[in-house]
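Hello,

Here is the structure I promised to pass on. Have a look at it first, and then read my notes below.

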Amino acid sequence: MSRIGRTPITVPANVELHVANGVVTVKGPNGTMTRNIPDGITLVRDGDVLTVDRLNDETSYRSLHGLTRTLVSNMVVGVTDGWTRELEIIGVGYRAAAGGPGVLDLALGFSHPVKFTAPTGVTFEVPAPTRVIIKGPDKEVVGQVAASIRKLRKPEPYKGKGVRYLGERVLRKAGKAAK
């Protein structure tokens, strides 16, 4: 049996979790999230503990067992604490600024400023002109927004300029050798 799939999920007291017709709905202080549960996977709730079970040991059910457990666990964490992803901007003149609710103004060395609009539920914080914090209840959406912002100007290998995840190491290349 899957080590991840058999691990129970603890549901906090301030979270409502409903399972009906193959759809799980999680409601908490940070919002409501829903997700379809694959056929052959069942969720069993016993008090404040939720377990994920599978129909049998076929390969398709085994592969979905741990995945479903992790996705439901991420939903529970998202509606209680939320998810964050931090980016840092490196380069002379590269900066970020909050341009209103859900809008991020970026200066990334282009001839024009770049405006990035957040999807519903995602917020931006700019504690410094070179740091951006992305927050939201859905881990997948927060990660996708961070990847989309990073894609606007990836870190280049010669000087390291660009947008990178906080703590990301960029392998540097040696420049041209002088004669």
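Predicted model: local features only at pLDDT ≥ 70, side-chain atom pairs only at ≥ 80, totals over all residues.

**What I found**

Residues are numbered from 1 along each chain as its sequence is written, and side-chain values use heavy atoms, with hydrogens and water left out.

**The sheet with three strands**

Three strands make up an open sheet, ordered β2-β3-β4 with antiparallel pairing. Strands here (E, at least two residues) and helices (H or I, at least four) are DSSP runs numbered from the N terminus, and two strands pair if DSSP finds at least two bridges between them. At the edges are β2 and β4, each of which pairs on one side only. From one strand to the next, the twist averages 15 degrees; for such angles, axes are lines fitted to C-alpha atoms, for helices over the stretch in contact, and the values run from 0 to 180 degrees between N-to-C directions.

Helix α1 (residues 59–80) packs on this sheet and touches β2, β3 and β4, with its direction at about 20 degrees to that of β3. Contact means heavy atoms within 4.5 Å.

If you zoom in on β2 (residues 16–20) and β3 (residues 23–28), you will find five bridges joining these antiparallel strands. H18 stands opposite T25 in β3, and A20 faces V23 in β3. The hairpin of β2 and β3 has two residues between its strands, and N21 takes a positive phi near 55 degrees there.

The partner of T123 in β12 is K135.

**Rings**

The structure holds one aromatic pair. F116 and F124 form this pair, which is edge-to-face, at 6.2 Å centre to centre and 70 degrees between the planes. For a pair, ring centres of Phe, Tyr or Trp (its six-membered ring) lie within 6.5 Å; planes under 30 degrees apart count as stacked, over 60 as edge-to-face and the rest as tilted. F116 is buried at 15% relative accessible area, and F124 is buried at 14%.

The charged end of R85 sits over the ring of Y165, 4.3 Å from its centre, and R153 lies over the face of F110, at 4.3 Å from the ring centre. The criterion is NZ of Lys or CZ of Arg within 6 Å of the ring centre and within 35 degrees of the ring normal.

**Salt bridges**

Side chains of opposite charge can pair when their charged atoms come close. Searching the whole structure gives six salt bridges (a side-chain nitrogen of Lys or Arg within 4 Å of a carboxyl oxygen of Asp or Glu). Here are three to look up:

- E140 and R35 meet at 2.6 Å, N to O. Because E140 lies in helix α2 and R35 in strand β4 (residues 31–36), the pair ties together parts that are 105 residues apart in sequence. E140 is partly exposed at 45% relative accessibility, and R35 is partly exposed at 24%.
- D105 and K115 have their closest N and O atoms 2.9 Å apart. The pair links β9 (residues 103–107), which holds D105, to β10 (residues 114–117), which holds K115, 10 residues apart. D105 is partly exposed at 23% relative accessibility, whereas K115 is exposed at 59%.
- R150 lies in helix α2 and E168 in the segment after β13, 18 residues apart.

Best wishes

Note on methods: Buried < 20%, exposed > 50% of the residue type's maximum accessible area, 1.4 Å probe, protein only.
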